[in-house]
Each structure stands twice: as C-alpha cells, then as structure tokens.
Amino acid sequence: MALEPLIYELSSPGRCGVHLPGLDVPASELPAALLRTELDLPEVSEVDVIRHYLRLSQLNYGIDKGFYPLGSCTMKYNPKVNEDAARLPGFAALHPLLDIEDAQGALMLMYHTQEWLAELSGMKGVSLQPAAGAQGEFAGILMIRKYHLSRGDTKRTRILVPNSAHGTNPATVSMAGYEAVELPSDENGDVDLDALLAACDDTVAGMMITVPSTLGLFEARLPDVIKAVHDCGGLMYMDGANMNAMMGVLKPGELGFDVMHYNLHKTFSTPHGGGGPGSGPVAVNEKLLPFLPGPIVGILEDAGSLDDVPLFGWVMPEQSIGRLKAFHGNFGIIVRAFTYMRMNGGSGLHDVSRYAVLNANYVRTALRDHYVVPHDRTCGHEVVLEGHWKDVPGIHALDISKRLMDYNFHPPTNYFPLIVPEALMIEPTETESKETLDAFIEAMKNIAREAHENPELLLEAPHITPVGRVDDVLAAKQLVLCCVPIPDWAGSPEFKTSTD
Amino acid sequence: MTYIPHTDADRQAMLAAIGVDSIEALFDAVPGEHRFPALELPGPLSEMEVLAELYGLQDANTHAQNFAIFLGAGAYNHFIPSAANHILLRGEFYTAYTPYQPEVSQGTLQAIYEYQSMLCALTGMEAANASHYDGATSLAEAVIVAVNETRGKRRKIILSAGINPQYRDVVRTYMQGQDITVVGDDKVRDVNELAALMDDETAMLAVGYPNFFGQIEDLTGLAEKVHAGGALLTVVADPIMLALFKSPGELGADMVVGEGQPLGIPLSFGGPYLGYFACTKKLVRKISGRIVGETKDNRGQRAFVMTLRPREQDIRREKATSNICTNQGLMALAAGVYLSLMGKSGLKTVAELCYHKAHYAASEIGKLRNFSVDTDKPFFKEFMVKCPLPVDEINAVLLEEYGIVGGYDLGQDYPDRENTMLIAVTEMNTRAEIDALVAVLKEIVDGA
Amino acid sequence: MSNVVEGLKYTKGDEWIRVEGNVGTIGLTDYAQNALNDIVYVELPSVGAVLARDGAFGTVESVKAASEMHMPAGGTVTAVNEALESEPEIVNSDPYGAGWFIKITLSNPAELDDLMDAAAYAEYCAGRD
C-alpha cells in the first residue's frame, strides 16, 4: 500500500513532460563509442508531474499550514514578497561570471547586506560566501586558525565547546583540524566557569558558544567567559543560530566576540526549503578582517558626486582562508534576506527580537505548571521543557511530539540540547499571534492530562497524519535508497533495490 | 511591525500573564552596558517601496533574458519548464524544514528519495545523498570520504587541472586544517599522466567529465588503474551530458559529484545551486549529508525516512566526518521535478541540442580567419577558441555593441591559455544567436 | 537488569573478552546492546589486523547512535563474525554467544589484569542506571 506512487510507477513509455524546439542547425556526428545505451528516467506528462508533486506537497507540514515551533530553527513566516524578489529576472537569470560592470545591481544589494549584518553584529566585516550556518562555523574556525598561524603561534590545538552546543560545533572543530574540548554546564545551564578557567591555557585556539544559549537563556556571566578565553590568547566564536533574540538587543562585537555566523534562513525569514538552501554569512572584528573567506563585495571607486553611485566589485581579503564554494554565496537567499531587512528596517528588526522573546516567555509561563521547565527563569526566544513525568514513566518527549501532530501542530525540537533529559525545545517566533500560542498551549496542557489519564493516546500517536510511526530500524537494515535497478557494472548483487 | 501580528491589547495581556511590565524587562539578563545598542540602519519600508528599489537594482544587471549568452564555465543558461517553478512555490514544500518528523514530512522525503533514484540512474551509481551545497563542496566532501575510506592512512589527492579552478580552490580551503596534500593540477595533464602520479599515499584521483575546457577525455581504463593503486576514482560530471554519454558508473567511478544547477535551477548569480553526490554501495556509510530510505509505517504503508543518521553531526558530534546539516533540499526538489518533466527522451533531446548547436558554432567559428577552435578531443557543449585579441576586448565589443555575452577568458586561470575563450552553447542559443556571434567575431577581427 | 556472565573480563567501554589460552573472543555486553537498542549495522576489522589495547576495531550502530568498539587488550585479529554483517540483530539477541565480534591472539596477556571481572562490571553498570 502506498500513499502516492513513485514518479517511476506513473511512467508510461513514450510520454514526456516538455516540448522542446527542433534542431535549427545541421546535426553533427556523435562519437558512438562514447555514448550510453540506457537512461532510466521516468516518462510522464506535465499533468502527471504537477499532480504527483502537488499530492506529495499535501503530505507535508509547513509554516504556511500552521504553527511550527521547531526550537533552534526559527520557523517564522516566510513573506511572499521575498519569493518574488528572488525571482526577478535581473537576479534569477544573472550569470555569476559577468563582468562587475554588468552586475552592479546585484553587487550593490550584496554590499548593503554585508553592511546591515555588520551593523547588527557590531562587527567590522562580513562575508556572504558561506552556504549555510555550518559552513559559516567552518569559515569562522578556519579564520581563527589562520589568525594564530599568521602570528607564528603554532601551539594552539584545542577549541572549547560547551556540552550544550549544537552538534555542528564539535563537528566543525574536527573538520578544521582541531581537538574539541567539551565543557560542562553548571546547575543554571550556563558554562561552568571553574571548568572553563581550568581548561584555558596557551593550547586553546578559541571557544564556540551560542547566545542566547541553546537552553534559550542569556548567560549572566558571558563577559567573564569571553575574558577568560581572551586572557589565554584564544578567540571567541559566537554561533548565531539564535540571533532572532538579539537584534538591537546586544551586539556580539561590542561584547567582545571576534567572529560569528548568521543563519539567514532563521533570523531573516528566508525559507527552509525542506532542508535548505540556507545561507550562513560570517561577521568578524578587526583582527580577523584579513582572513575572511572571499571574494567579498567592496567599493572599487567612490561615487563621483552625491547623485552618483560607487563602483562595486570583488575584493579578496589579503590573507583570506579562501573560497568556500564556487561563485559568491547563495545569492538568491541573500536577495530574500535583503528584502526582509528593507521591509523591517532597523526598528522593525529590533521589534522582531522583542516579540520573539515575548512569545517564548508567554509559552513558558503558561506551561510551567504542566511541564518541568529545567531552568525556569526569563528566557530568550525559545524555551526548553522536559517531556516526561515521574508518575508516567512510559511516556517520552517523542510521544508528546507525535501527539501534537494530532492537534495539527508541528512538534518542537526533540532531544536537544543533550543536557536536558527528554528535551522539548519550543521556539514560537514573533510571527505567531496570541491566538495561535493559546491554541498551542491548550494542546500542550491537554496532552499533559492525556499522558496521565490515557497514555495510549500518546503512545499510539499520531493518528491523523498520512502515515503512522515509521519503522526507521527497517529502513536502516534493508537500505533501499533508490528505486532504479542499477546495471551491475562491477558485480554488486547484495545491494537491494525497491521491492515494488 | 511588518510581520508581527500583536495588537496592543495582546501585548498587555501577554505581559500580564508573564508578570512583567514591559517587553524590555524580559532582557534584564543582558549585560546592562551593552543592552539595546543603537542600530544605525534605515527605517522600515512598505512592500511597494521595497519592490521599487529591487526593480531598480535588477535593472542595473545584465541578464540572460535580454542578451544572447555564451558564458558557461560552471553555470549554464538552460531551459527551465514553467511547471518546475510552480512546484517550488508550494508552501508545503518550501516552508517546511528537514524532515525529522517523517509522519508530517512524507512529501519531502519521497521527493528526495525520487531525486536520489534519478541521480543514480543518471550517474550509473548505486546511491546518492540528498545533496551538498554546490558542485565544489560536493568534491571537497568526496575528498573527505576518500581519506576516511583509507582510515586516514592515505592523505594524497590527485586533482586534474581540468576540474573547475574554483572547485579546486574550495578543496584546498576545506583541507587547510588537515594534513592532506592536493597535487596534479599544477599543469594540464591527460588522464594517463595523472594516473602516473599515483602512489601508495594516494586516496583519490578526480577528473572532469567533461573537463573545464569542455572536452570529453577518454576515461576507459582509468578506474582500473586507480583501483589497482588502492585509491578511489571521483568523476566531476555535467548532469546534462550524462543523458547522452556513458555514465561514470559504467566507467568505473567510485564517486560522482558535480553541479546540479543545469537541472532546472536558475543562474541566480551563482547560488543557491545543488551539489549532487552519488557513490557506490560500498561507500554509502562513509558519505556525509542526508540520505532517505524506504520503509513501512505501523499501518503497513510504504513510507520514507532519513536513514544512516548516526553518520551525522547531531549524533556523532566531533567524530562526524562533516559538519553539514542543512543541505540544498529545495534545489534537489527542483532537480527532481526537472528530471521528471524532461524524462528519458526530453533530457536526451536537451543534450543533443547542446551538442549539435555547440558543434555548429565551433565549426562556423573555425572557418574564421585568425580564430582557431580546439578540436583535439571530443567536446559536449563548451569548446576553446584561440582568439587574435584579448578575450576581454572581444567581450566588451560583443556586449556593448551587439547585446551578446561572450565566453569565459581561460587566461584568468591558465596562464598558458592567454587569449583563449571558452564558449558555451546550450539549447537556449538559437541559430540566429550563433550566426550573430560568428558575424560579430568576424567583424571585430576584420576591423582590427 | 542486564545480564553479566561470569568468567569474562569487561571494559568500561562495555566490551567483554573471553580468554581461552592465548585466544581472546571479544563482544559487546548485554548492558550496551540494551542501551543502543536495535542494532542495525556492525563494522568489523580485517583478519590479520594488529591492534593495540584501546585501539578502535569496529563500529556498532543503532538508528540513533553509533559507538566505536575498542580492544580490551592488544592482539592480532584471527577471525571476525561475518554473520553480523547481514544479521546485526544477533548482537541484541545473543550478545555473549552468537553475537561475538572478533577473535584475537593476545599480544600481552598481562593487559587483562586491568579489566573488570563480572562482579565489578555488574556494580559499574548498576552505578550508571
């Protein structure tokens, strides 16, 4: 039984979903020895394709359908004008290798985006190259590395990472060739300052930390943390995943951070796309300016007069860590973020952070009597609950999440941060109204009651979704990753293809 | 407050419920001397005003809809059927995130599974992931896989100089913190010369298919040589070319990576694009990025789910081989829709149109006095032309006087290819455009 | 309550080793297979590999976790349990029997003295529950 056939199962020999023009030049001879003999793609009409993908889309839950409080991912409303902006032909049909004179509009847009991101962070320079937050992190740690090496400081081999960190942080540290040193958290969920001081020595290249923390909290002793790392010669990296709580609230550069990344797909409302594309610009202070990944956009010639515009062009920072991807970053995403920033203006962006924090605290206050809030103090833009109760040991956070689907909500983030047992991380975002939050709160309260009165409702959930709980053990054992029989080039009989 | 729905009454009621007087009071934990800094930024604008500004910015660009474009070099002006964009605008697709919760994400999961399947068919490989950021980072990830496959014992990578120079730069950026040596691209070598660089330190050898110069090098026997030396063969391939030419799988590749932009993704000034990544079954546990597998739900229905998750950063943390988290999900959807629309015959037709039009252009330019077309090796949709004048001079005349975007100046990356233009011809270039290009080239030289 | 078998030696990383003469058989304990839940994949070394004590010899994966297996004592791998490649669930069903991972010849039997016996390991597990 299948909800929707595979596109291959809709295939009928001879169909095609496009009408292409005929050949208007003389045909040339094809090199027969180099040609392939088969090509196993579907054969379907345009109507088949539209209906298939439309039906697939209806099996999904997105922000356009309802509340999506996936903590740490900032699933705010994605304004439609952003989509129109990125699709303007002057942007969408623009070749990345044109001479700068022929791409001044795009370069100016990128330049202003760099400037906005620098101002919001209190940093001195920005590169839009990184394609996602994880790539921004990688760029940041490579810059820290190159900074130390440029000073002849070769002893530094370790980067400190709190145990509450996103998994990308320690993975980034390893990718950059450093050893990740995990720091414990204290009883308040903040970095354990004694452990930090004990770890700080001249082998520490830097520290990565998320602000507000992954528990959704502003750490009161953050200045002490920054000082401790700076005192031992290390640099401070801020994971900007939670910038939605920070705009006009705190400039990381002013607080002493040396480098940070943004997630344009979180803070600046560019769509998450079912898992990307994102964009992860990095912002740095003066120390790290020469190391930015490049090229970045600079002013090559100042404007001649007030009516004139400057000439924008590519600049490679002198000791750049290099290029992170081909061309210039995820430009289409940058257009969307630019549109969003212009719509909001500086004051609007500050309001975004104010109301994101208001919404999270409203949810926290409403649920504190029904769920354990491990660090129950004023939170940032998200709140972390524990999704379990001592008197119903069979119920886990995952069961609560699945039951939320029956109430037509997307679940919060489960099991992160790792330092909270059965974590449910709720990030409402500022675009949700009081009515929506009230409905969600009501559902959460109902679920807490159901867990005690009728736990089966949770354990068997979800009930109303297109599929029930999915067998991920079977998926991992049978490893059916492809429905096309692949010709046995080198002899590989044990690799299964679809059973259908 | 553009996208904030709160009324004054809402705000008051919420503050009262929380038990504070003002929103500002919620930020008491932020160090006082740094709290609420001034933002030197412009004020808000209406949607009308922002659109007017964006129209102004786009008008300052030269784009493919107004000009005949013969520029490729890693980003190609291919046709995108209207239906593709309409699917991408479904809010259920583009406003969802990574399908962590399969019960409410079957649309995304099945679409990725189908994309993986079509990629396998196209490349002749047994598995594909849900994508990397772009072709360049896909190649860098292949390097990581190859080194890990030798358990880190082999740390030399051979890259052909015929791989896009920006891709090679990205590989070096990725490897700078690791003790990994990248060799082979100091000068242009044919595949036999490249294979001769193999030694017992070599983890991977990578070639372009076609190479950056548009040429289709003869890869017959290369895989055997690379495998005999105990290394892996990675092929960086143009996905459109694969509709017509032998798949890298058939040629014995272990990994096939490349830029998926030609598959229904707009040029968009260089991104977002699609790093496609396919491999043999043997390597599937070593690769990074999301992978979707088929399974069943508790009602017995066919269902899809992300699988092989323990490879990933959120589980394996510092032991993960890559930090990739977000990929290019929506771009993979675009490629899946494009490949479905084109299908078996459409994609082959696109490839044939590219081939024949490029060969027509090459043959006409080859007839011009003082221009010589490199026909040393078979080519697909790009070819090299040695010009009598600097490429930028020719391009300036082409664009300013005739509305034609000329080819790529290879001298920028290859000092020995001065005055050599790399011309890309796709199904989008009409015969009239090609004839105009040829006529203008003739005129430029005759007039010089 | 997980099962601990008398006569085996145990590590803090939850490997067990059964020693017969100079030959050691190594596997994953009942406690660990229970914590990992459904095991879906096991990666094993090549026969002939020479590994030091604490050296990584393989990986065991469930759907949500992966852990490396380490040598309780140094030695040369003489056999691997190939059945685990197609039926990794044997580690769940029979961790001390058919679910063994590798056999080695010990390079230095004195290294075994540092390992826990069944009683000590049972206490160690109880402390983690």
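This is a predicted model: local features need pLDDT of at least 70, side-chain atom pairs count only at pLDDT 80 or more; totals for chains, interfaces and linings use all residues.
## The interface of chains A and B

Let us begin with the overall contact. Chain B contributes 184 residues to it and chain A contributes 205. Together the two chains bury about 17300 Å², and carbon and sulfur atoms account for 64% of that area.

Helix 1 of chain A (residues 46-57) lies against helix 11 of chain B (residues 329-366), with the axes 9 Å apart and an angle of about 150 degrees. Angles over 145 degrees count as roughly antiparallel, so helix 1 of chain A and helix 11 of chain B are described in that way. The crossing of this pair is right-handed. From helix 1 of chain A come A:Glu46, A:Val49 and A:Tyr53, which meet B:Leu333, B:Gly336, B:Val337, B:Ser340 and B:Leu341 of helix 11 of chain B. Sorted by class, the residues of this contact are five nonpolar, two polar and one charged.

## Where chain B meets chain C

Chain C has its own contact with chain B, in which eight residues of chain B touch 10 residues of chain C. The buried area here is about 720 Å², with 49% of it from carbon and sulfur atoms. On the chain B side, B:Arg151, B:Arg285 and B:Pro310 lose the most area to chain C, and together they make up 56% of what that side buries.

Three salt bridges are counted between chain B and chain C. B:Arg285 takes part in a salt bridge with C:Glu61, where the closest N and O atoms are 3.9 Å apart.

## A salt bridge within chain A

Over all chains, the count of salt bridges comes to 53. A pair inside chain A is worth a look: A:Arg377 and A:Asp190 form a salt bridge, their closest N and O atoms 3.3 Å apart. This pair links distant parts of the chain, 187 residues apart. A:Arg377 sits in the loop between helix 11 (331-367) and strand 10 (383-386) of chain A, while A:Asp190 belongs to the loop between strand 3 (179-183) and helix 7 (193-199) of chain A.

## Helices 12 and 13 of chain A

Which way do helix 12 and helix 13 of chain A cross, right-handed or left-handed? The crossing is right-handed. The axes of helix 12 (residues 397-406) and helix 13 (residues 434-453) come within 10 Å and cross at roughly 125 degrees, and the two helices of chain A are therefore oblique to each other.

Helix 12 of chain A brings A:Ile400, A:Arg403 and A:Leu404 to this contact, and helix 13 of chain A brings A:Phe440, A:Ala443, A:Met444, A:Ile447 and A:Glu450. By class, six of these residues are nonpolar, none polar and two charged.

## Backbone details

Two cis peptide bonds deserve a visit. In chain A, the bond from A:Phe416 to A:Pro417 is cis, with omega near 0 degrees, and A:Pro417 is found in the loop between strand 11 (413-414) and strand 12 (423-426) of chain A. The loop between strand 11 and strand 12 of chain A also holds A:Glu422, a residue other than glycine with a positive phi, near 50 degrees.

In chain B, B:Tyr209 and B:Pro210 are joined by a cis peptide bond with omega of about 5 degrees. B:Pro210 lies in the loop between strand 5 (202-209) and helix 9 (222-228) of chain B.

Methods
Residues are numbered from 1 along each chain as its sequence is written. Chains are lettered from A and ligands numbered from 1 in the order in which they are written. Side-chain values use heavy atoms; hydrogens and water are left out. Axes are lines fitted to C-alpha atoms, for helices over the stretch in contact, and angles run from 0 to 180 degrees between N-to-C directions. Helices (H or I, at least four residues) and strands (E, at least two) are DSSP runs, numbered from the N terminus. Angles under 35 degrees count as roughly parallel, over 145 as roughly antiparallel, 65 to 115 as roughly perpendicular and the rest as oblique. A crossing is left-handed if the near helix is turned anticlockwise from the far one by less than a right angle, and right-handed if clockwise. Contact means heavy atoms within 4.5 Å. Ala, Val, Leu, Ile, Met, Phe, Trp, Tyr, Cys and Pro count as nonpolar, Asp, Glu, Lys and Arg as charged, and the others, Gly among them, as polar. Buried area is the accessible area (1.4 Å probe) that two parts lose on being put together, summed over both. A salt bridge is a side-chain nitrogen of Lys or Arg within 4 Å of a carboxyl oxygen of Asp or Glu.
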